[in-house]
Structure formats: structure tokens, C-alpha cells
Amino acid sequence: MKNNKPILVLVTYTSSVRSELSHPLMKNLNPTKRITKRRRKNYHQRFKYVPKELLTEILAQVASSSVTDFVNARACCKEFLEAASEDYVFEHVTMDSFPVILWKINHGVSSFLERCKKSGNPEALFRQGMIDYFSTSNYDSGLKMLERAASKGHAQAIYVYGIILVCYDGELRNKGVKLLSDLKRSKSSLVITECRKKVQNITWSMWLNNYIVGIGPAEEEEYMKKRKTCSYCNSKLALCSFTNDQTKNSAGWTSSDEVFEDDPFSCDSCLWDLEAILFCKMLRTGSYRP
């Protein structure tokens with residue numbers, strides 16, 4: 001005779017999952033439902049027949065929108081837990097639930113974020129690059145992290161990496177100008193506004209030790225002289241709002257701290273020169289205002 005009595009089920013987690021769930025930052029990451037009893041039939045066994053590649057893709061999509069849902073999903077069955085260990089999943093985890101600087105060290109959370117970084121998560125690489133380059137003075141490491149994140153299409157990483165390169169000379173400067181120009185053209189000038197807002201918020205949360213010395217307020221006068229003699233800008237001198245009206249704000253900037261307004265009469269070189277100057281001013285003063 002078939003036994004229809006319910007049986008108890010124990011839901012267990014690995015030590016790493018328990019450690020992550022215990023941290024205050026992840027207090028909402030406990031599974032939303034606690035299973036205490038069920039009938040003998042196990043519906044989770046159906047996942048045995050789903051290809052692991054498909055489960056990995058599903059978890060990657062879940063992780064990209066919510067860490068809470070990701071933790072719930074990987075805790076629900078053995079197949080999801082195994083698929084959740086893939087680098088591809090950690091590469092897509094959203095970082096929105098975590099601050100840029102972890103002031104309180106927790107092994108579980110630190111391990112989780114380190115795994116994201118090692119898996120090539122663009123946001124994790126970008127954050128580490130910002131910390132290394134602007135706070136801990138690990139310039140080489142920071143620049144490499146920013147470059148890796150930029151190569152994955154991370155908009156803020158492209159913006160910061162491009163600005164740093166513009167501060168150099170020669171081919172590096174040309175590469176920076178091209179990166180920034182391509183970013184603006186591919187996603188419209190609105191993306192520059194979003195980059196400014198996010199970068200400003202991140203720098204506010206860090207102890208800054210690097211202001212990219214060499215380009216800053218002292219160079220503004222030199223920039224204006226260069227702009228007046230620029231062959232491209234000079235060819236449109238009659239149309240250039242910046243050249244004809246020196247009482248206006250500098251090209252590309254409005255009275256708002258973050259809002260970017262493109263100057264169609266400026267060449268890319270002059271436009272990003274000014275962007276670099278005001279970016280460095282923001283590092284010093286905390287404000288983008290020209």
C-alpha cells in the first residue's frame with residue numbers, strides 16, 4: 001500500500017551560503033519560504049533533466065537583477081546549487097546590494113565579491129579599479145582593472161579609463177579620446193551624464209589619494225588658448241558658442257553638477273580635454289561645477 005503520510009525535509013546550506021546570509025548587508029537574502037513538510041513526490045527532480053547550460057543561463061539572468069533571488073534560487077535544489085558555482089553566473093551578478101567600500105569586514109561577503117571579481121564581473125572590476133587607482137595608489141592594478149571592465153562594455157569604466165588616458169600624451173591620449181567619443185556616439189550624450197553621477201557618488205565614498213596631478217584648474221587657461229588655435233574649432237569660429245560668448249559656462253557643461261550637454265562645434269580633442277580638466281576638479285572639490 002502506498003504511504004501517503006507527509007515526511008519532514010531538512011533544508012541545508014553550504015558554509016559559504018550560511019556565512020553570506022548571516023551578514024547585515026544580506027539580511028534580506030534568506031529564502032523567502034521555509035519548507036517544513038512535503039509529500040513523497042519531489043518536483044525538484046525535474047531539474048535533473050534540464051541541461052546544465054540552460055540552468056546556468058537562467059541563474060545568470062536572475063543574478064543580474066537581484067542577489068536575493070539568486071541566493072533563493074541556488075538554495076532550492078542541488079542542480080541549481082551546482083549551476084550557481086559557474087564563473088558565468090558570478091560574472092553577471094548585480095552589485096547594487098553592496099557598497100563600494102566594505103567598512104565592516106565579513107568573510108562570506110568578501111569571498112562572494114572576490115569570486116565576482118575573479119569571474120570577470122564588470123562592475124566588480126570597475127569598483128576595484130576605482131579603489132586601487134584613486135584611493136590605495138595601486139596605479140598599475142587600478143588601470144588594468146578599469147581597462148578590463150571597459151573591454152566588457154562597462155560605461156563608467158570606459159568613461160574613467162578614457163579620462164585617465166586623455167591626461168597622457170601621444171597614442172594613449174588618442175586612445176582615450178577615441179574611447180570617450182565612441183561611448184558618446186554609441187549611447188548618446190545622456191550616458192556621460194549617468195557616468196558623472198555614478199563616478200561622483202563613488203568618489204564621495206572613498207578616501208582619495210590621487211587627483212591625476214598634471215591636469216586641473218591651473219590648466220584651464222592653457223586649454224582656452226589651445227581651443228582658440230585649434231584648426232577644427234577655428235573653422236567653425238562663427239558658430240562656436242564657447243568662443244563667441246566667454247560669459248557662458250565652459251563647453252559641454254551646464255550649471256548643474258552632472259548634466260552633460262554636448263557641444264557640436266567642438267572637436268573631440270578639445271571636448272575631452274575640458275572634460276578631463278573638470279573631472280580632476282571634481283576629484284579635488286567634490287563638484288563638477290566649472
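Reader: How many residues of H3 are buried?
Author: H3 is mostly covered, with 7 of its 8 residues buried. Buried here means under 20% relative accessible area, exposed is over 50%, and partly exposed is in between (1.4 Å probe, protein chains only). Helices are DSSP runs of H or I with at least four residues, strands are E runs of at least two, and both are numbered from the N terminus.

Reader: Which residues of H3 are the buried ones?
Author: Val67, Thr68, Phe70, Val71, Asn72, Ala73 and Arg74. Keep in mind that this is a predicted model, where local features need pLDDT of at least 70 and side-chain atom pairs count only at pLDDT 80 or more, while totals for chains, interfaces and linings use all residues. Residues are numbered from 1 along each chain as its sequence is written, and side-chain values use heavy atoms, with hydrogens and water left out.

Reader: What caps the N-terminal end of H3?
Author: Ser66 does, with a side-chain oxygen 3.4 Å from the backbone nitrogen of Thr68.

Reader: And how do H2 and H3 sit against each other? At what angle do the axes cross?
Author: Roughly 150 degrees, and the axes of H2 (residues 52-63) and H3 (residues 67-74) come within 7 Å. That crossing makes H2 roughly antiparallel to H3. The axes are lines fitted to C-alpha atoms, for helices over the stretch in contact, and the angles run from 0 to 180 degrees between N-to-C directions. Under 35 degrees counts as roughly parallel, over 145 as roughly antiparallel, 65 to 115 as roughly perpendicular, and the rest as oblique.

Reader: Which residues make the contact?
Author: From H2 it's Leu59, Val62 and Ala63, and from H3 it's Asp69, Phe70 and Ala73. Contact means heavy atoms within 4.5 Å. By class, that's 5 nonpolar, no polar and 1 charged residues. The nonpolar set is Ala, Val, Leu, Ile, Met, Phe, Trp, Tyr, Cys and Pro, the charged set is Asp, Glu, Lys and Arg, and the others, Gly among them, are polar.

Reader: Phe70 again. How far is Phe80 from it?
Author: They're 9.8 Å apart, C-alpha to C-alpha, and 10 residues apart in sequence. Phe80 lies in helix H4 (residues 78-83) and counts as buried, at 9% relative accessibility.

Reader: Switching topic: where do H9 and H11 stand?
Author: H9 (residues 155-166) and H11 (residues 190-204) pack at about 85 degrees, with their axes 9 Å apart. That makes H9 roughly perpendicular to H11. H9 brings Ala155, Gln156, Tyr159 and Val160 to the contact, and H11 brings Val191, Ile192, Glu194, Cys195, Arg196, Lys198 and Val199. The classes there are 7 nonpolar, 1 polar and 3 charged.

Reader: Is Arg196 buried or exposed?
Author: Buried, with a relative accessible area of 0%. The Arg196 side chain makes a polar contact with the side chain of Glu275, at 2.8 Å. A polar contact is a pair of N or O atoms within 3.5 Å; within protein, one must be able to donate a hydrogen and the other to accept it, and residues adjacent in sequence count only if both atoms are side-chain atoms.

Reader: What does Trp272 touch?
Author: Leaving aside neighbours within four places in sequence, Trp272 is in contact with Val166, Val177, Leu180, Ser181, Lys184 and Ile192. Trp272 is in helix H15 (residues 268-285) and is buried at 0% relative accessibility. The C-alpha atoms of Trp272 and Leu180 are 7.5 Å apart, although the two are 92 residues apart along the chain.

Reader: Now the loops. Where is Ser119?
Author: In the loop between H6 (107-118) and H7 (122-134). At 9% relative accessibility, Ser119 counts as buried. The side chain of Ser119 reaches the backbone oxygen of Arg115 at 2.8 Å. Not counting residues up to four places away in sequence, Ser119 touches Asp87, Phe90 and Glu91.

Reader: And what's the phi of Ser137?
Author: Positive, about 65 degrees, although Ser137 is not a glycine. Ser137 is in the loop between H7 and H8 (139-151), and is partly exposed at 32% relative accessible area.

Reader: Last one: how many helices and strands does the chain have?
Author: 15 helices and 2 strands. Of the 290 residues, 45% count as buried.
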